[in-house]
Amino acid sequence: ALTESTMLPLGTTAPAFSLPDVVSGATVTLDSFAGKKALLVMFICKHCPYVVHVREELARLGRDYASKPLGIVAISSNDAAAYPDDAPERLREMAVELGFNFPYCYDESQQTAKAYAAACTPDFYLFDEDRRLVYRGQLDASRPANSIPVTGSDLRAAIEPFGERKRIPLKSLTPEAAVTLLQGALPYLTVRPAGSQVLAIGATEDIVQAEEILAREDGGKAPVEMISEVVTVRNAVASQIATMLRNLYPNIKADAVGQSDKPGGAVGLYGPANLVASARQAIGIADQPTGPVEPDRIYRVYMIRYSSAPLLKEFLDKAAPPVTCLVAPETYTPLAPGFSPLTGVTLGQASGGGLSGGAGGTAGGVSGGSGFGTGTAGGGMARPSLDQRRAKEGDRSKMLVISGTEADIEAAIKLLEQVDVPPKQVTIDVKVVDTSPERAEELGLKWNWSSFQFLERAPGTVVDPTTGVPSSSATRQRGFGAFSRVPWSFNTILSGMITRKEAKLLASPSVQCVDNEDASIFIGDTIRSQIISQGGLSGTNIQIFEFPIGIVLLCRPRVNADGNITLRVHPVVSTITSVDPDTRIPQSSSREAETTVMVKDGETIVIGGLIRDEETRTITEVPLLSRLPLVGELFRNRSTNRRHSEILVFITTHVIK
């Protein structure tokens with residue numbers, strides 16, 4: 001970077017650190033390099049152009065000193081939020097791509113960078129066997145803006161005392177000429193004059209090649225042309241090709257460029273021209289396709305708009321087998337809060353409910369009747385809610401993760417966009433009409449008379465005839481001495497009455513629902529009845545029954561491609577007829593129908609035939625007198641109540657445009 005290095009003073013002891021390796025996940029510390037005569041600490045990253053410029057040389061350093069007593073560790077301390085390319089997963093990609101054979105650690109807290117006073121990238125620190133700082137500085141003089149080749153000469157020179165050394169004797173060449181020859185042929189080898197010999201410092205393979213070059217050139221023979229060349233590898237693994245060439249041609253230098261575990265990359269060759277040409281031909285033979293090459297699989301996230309993630313996955317698994325589909329994790333929702341007091345009663349938890357039925361329940365509980373209700377228990381015909389019938393694991397997820405080739409994923413997403421469309425909505429207007437003409441007839445005579453009373457009072461005493469209290473009415477003589485009676489009277493009412501009532505609108509609800517989903521309407525009352533029974537241990541069981549009385553309408557519309565609507569409808573009309581005097585349980589009657597019809601948009605259907613006939617007769621009579629022949633009818637009153645009840649349900653559906 002352009003930031004000037006600060007770094008530690010020479011002689012400083014290496015600060016301790018404990019960092020995770022982004023490739024293996026293992027924890028790396030100073031003790032991880034115990035036994036190494038030297039330790040090279042490099043502060044690098046992925047995004048910095050100065051690091052990008054020298055990263056191949058960094059990988060080469062690791063390979064050249066892999067068998068030497070030199071430990072190498074790379075550290076990245078950049079903030080991943082500010083530099084996404086320097087996140088641990090991206091650093092791992094970099095290490096795998098370049099084939100780093102040394103740990104690459106991530107310093108998330110930046111404490112290690114501060115301990116080493118590392119201010120820029122790349123920064124290099126070389127510590128000796130006692131972990132004292134012996135070198136701080138640059139890799140070499142090469143920069144992205146100049147044309148100086150990257151050789152790592154400055155850092156390699158600092159590592160020399162820890163590298164392999166060998167003196168090579170000369171025959172006819174002077175030490176200066178031999179140094180010039182070897183530095184041109186082996187840029188990564190340090191060569192110095194040493195009397196009548198040359199001192200070679202570096203990797204073992206470089207020293208071996210230096211001996212071979214001097215054996216050819218130091219005998220008075222014509223110089224051999226040395227060339228370098230980079231050969232692209234398309235089908236084979238570059239690192240495997242480089243290993244093969246080093247075994248076949250010991251006199252050339254072969255370095256792999258690219259990922260060590262994937263096909264592709266390149267191989268850098270250096271050596272005699274004839275051997276490099278042979279190596280190139282060998283690469284062409286080895287780099288042949290061994291079979292159909294599968295395109296790289298990629299991942300894509302599809303955002304669900306209207307449908308359900310499990311349903312779309314099931315559909316895609318059958319419609320597009322080449323791709324792999326996964327339901328993304330659901331949105332996390334915290335658990336419902338609960339409270340458990342010392343009494344043992346738990347609050348905040350559901351204990352039943354919904355459309356339950358039957359006569360059930362526990363002591364003191366509320367149970368469901370034959371319809372809508374709540375409770376801890378219940379039997380009979382239970383109707384689960386829509387969420388219970390349709391809920392699937394992953395329904396709350398809003399994303400699908402699709403894996404496959406680019407072309408297969410594009411085809412799968414186009415298919416999903418065609419089926420993941422907004423559902424149509426339907427408005428259902430309902431009118432429930434009771435066409436029940438009610439006729440009441442009452443004919444006859446109604447008798448009414450005052451009560452008979454005898455008083456122990458003298459005849460002529462003024463009393464109230466209804467209470468016997470002295471009033472304006474005088475008592476009459478009964479012939480029993482001091483006893484007398486109160487005056488009494490009677491009257492009759494001749495009634496003839498006919499009452500008529502016309503049809504009336506019971507309910508007119510309207511509801512909207514999504515295509516092919518349930519809609520339900522309940523208009524009425526919930527009648528509750530309490531039953532007390534003797535339980536065990538002299539306890540008392542209290543059961544509460546619930547009876548939904550009124551109008552229930554269940555509908556499910558399906559909008560067809562031609563615009564018509566297939567409608568399944570189930571109306572229920574219930575009423576209370578009486579109450580059992582012993583059990584106190586209301587007796588009810590219900591009228592219901594179920595049908596499936598096809599209607600046009602805006603068309604009305606009528607459901608009829610929900611008929612009920614009632615006739616109630618009541619006779620009121622005067623005892624004894626009503627039993628007299630001929631005149632007995634004068635002391636009777638008869639009333640007849642006839643009711644013909646018919647419920648009509650009018651349903652009109654509209655598709656919301």
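## Exercise 1: around a serine

The side chains of S142 and H53 make a polar contact at 2.7 Å; a polar contact is a pair of N or O atoms within 3.5 Å, where within protein one must be able to donate a hydrogen and the other to accept it, and residues adjacent in sequence count only if both atoms are side-chain atoms. This is a predicted model, where local features need pLDDT of at least 70, side-chain atom pairs count only at pLDDT 80 or more, and totals for chains, interfaces and linings use all residues. Residues are numbered from 1 along each chain as its sequence is written, and side-chain values use heavy atoms, with hydrogens and water left out.

**Task.** Find where S142 sits and what S142 is in contact with.

**Solution.** 
- Step 1: look in the loop between β7 and α4 (153-159). Helices (H or I, at least four residues) and strands (E, at least two) are DSSP runs, numbered from the N terminus.
- Step 2: check the cover. S142 is buried because its relative accessible area is 4%; buried means under 20%, exposed over 50%, and partly exposed in between (1.4 Å probe, protein chains only).
- Step 3: look for another polar partner. A polar atom of the S142 side chain lies 2.6 Å from the backbone oxygen of I148.
- Step 4: list the contacts (heavy atoms within 4.5 Å). Leaving aside neighbours within four places in sequence, S142 touches H53, I148, P149 and V150.

## Exercise 2: a valine and a leucine

**Task.** Work out whether V54 is buried or exposed, then do the accessibility check for L625.

**Solution.** 
- Step 1: V54 belongs to helix α1 (residues 49-64).
- Step 2: V54 counts as buried, because its relative accessibility is 5%.
- Step 3: not counting residues up to four places away in sequence, V54 touches P122, L139 and V150. V54 and P122 are 68 residues apart along the chain, yet their C-alpha atoms are separated by 9.0 Å.
- Step 4: now hop over to L625, in the loop between β34 (604-621) and β35 (636-656). L625 has a relative accessible area of 34%, so this residue is partly exposed.
- Step 5: G632 and F635 are in contact with L625, once neighbours within four places in sequence are set aside.

## Exercise 3: order the strands

**Task.** What is the strand order in the open sheet of five strands?

**Solution.** 
- Step 1: the order reads β5-β4-β3-β6-β7, with mixed pairing. Two strands pair if DSSP finds at least two bridges between them.
- Step 2: the twist from one strand to the next averages 20°.
- Step 3: β4 (residues 70-76) pairs with β5 in the parallel sense over three bridges. A74 has Y104 in β5 as its bridge partner.
- Step 4: helix α2 (residues 88-98) packs on this sheet and touches β4 and β5, its direction making about 170° with that of β5. Axes here are lines fitted to C-alpha atoms, for helices over the stretch in contact, and angles run from 0 to 180 degrees between N-to-C directions.
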